[in-house]
Amino acid sequence: MINPPETLETARLRLRKPVLEDADEIFRQYAQDAEVTKYVSWRAHRSVNETREFIRVCLQELAAKKSVHLVIVRKEDHQLLGMIGLRGGDHKWELGYVLARAYWRKGYMTEAVKALVTWALQRPEIYRVWAVCDIDNKASARVMEKAGMQREGILRRWSIHPNVSDEPRDSYCYAILKQSRRAR
């Protein structure tokens with residue numbers, strides 16, 4: 001269990017807890033976009049009601065301190081760009097993220113990943129933040145590398161990306177670790 005942050009700030013972004021009122025914008029920006037959702041673990045949303053239900057689940061998990069879900073908002077104009085989160089427990093937490101297509105290749109996701117990873121590794125109970133991405137998802141792999149995560153290998157038939165295939169696909173595994181006290 002973890003106490004999620006209310007907000008995290010970077011030079012250009014504010015990461016904050018989602019609210020139900022975000023559903024329309026999340027649906028419009030990316031949840032229904034086949035290209036954005038190609039490599040995620042959920043099917044593209046067919047209605048804003050699916051997006052509202054997703055936010056309700058996120059809020060329940062946040063309240064139970066089982067995960068961290070944050071929307072990514074650009075500071076300059078308060079535009080919602082995507083979402084980022086951590087889930088897991090014990091000493092290792094899994095990172096996940098999604099970004100609306102209009103904001104790809106602008107460094108926003110790398111900035112958000114760095115902020116959330118830094119926050120997580122400052123928690124005394126978290127020693128490892130890890131993530132996987134489909135081996136064909138070069139952009140996601142590059143985000144993790146730019147954020148300081150290291151590729152640990154390929155996990156064969158690891159993840160089902162229902163918007164690509166109903167069968168498990170190979171994934172790269174990336175991680176970043178808290179430095180050992182002994183190594184300091």
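## Basis and a first detail

Which residue in E8 stands opposite Ser 159? The residue opposite Ser 159 is Arg 169 in E8.

The model is predicted, so that local features need pLDDT of at least 70 and side-chain atom pairs count only at pLDDT 80 or more, while totals for chains, interfaces and linings use all residues. Residues are numbered from 1 along each chain as its sequence is written, and side-chain values use heavy atoms, with hydrogens and water left out.

## Overall fold

The protein contains four helices and eight strands, where helices (H or I, at least four residues) and strands (E, at least two) are DSSP runs numbered from the N terminus. Read from that terminus, the elements follow the order β-β-α-α-β-β-β-α-β-α-β-β. The C-alpha trace spans about 50 × 35 × 30 Å along its principal axes.

Buried residues, meaning those under 20% relative accessible area with a 1.4 Å probe and protein chains only, make up 48% of the 184 residues.

## The sheet and its helices

Eight strands form an open sheet of mixed pairing in the order E1-E2-E3-E4-E5-E6-E8-E7; two strands pair if DSSP finds at least two bridges between them. Its edge strands, each pairing on one side only, are E1 (7-9) and E7 (150-159). E7 is joined to E8 (residues 169-177) by six bridges, and these two strands run antiparallel.

Helix H1 (residues 23-31) lies across E3, E4 and E5, running at about 95° to E4, whereas helix H3 (residues 108-122) lies across E1, E2, E3, E4, E5, E6 and E8 at about 30° to E4.

Not counting residues up to four places away in sequence, Ile 84 touches, among others, Leu 15, Val 68, Leu 95, Met 109 and Val 113, a contact being heavy atoms within 4.5 Å.

## Backbone exceptions

Although neither is a glycine, Lys 65 has a positive phi of about 60° and Arg 157 one of about 45°. Lys 65 is placed in the loop between helix H2 (48-63) and E3, while Arg 157 is found in strand E7.

Note on methods
Axes fitted to C-alpha atoms, helices over the stretch in contact; angles between N-to-C directions. Buried < 20%, exposed > 50% of the residue type's maximum accessible area, 1.4 Å probe, protein only.
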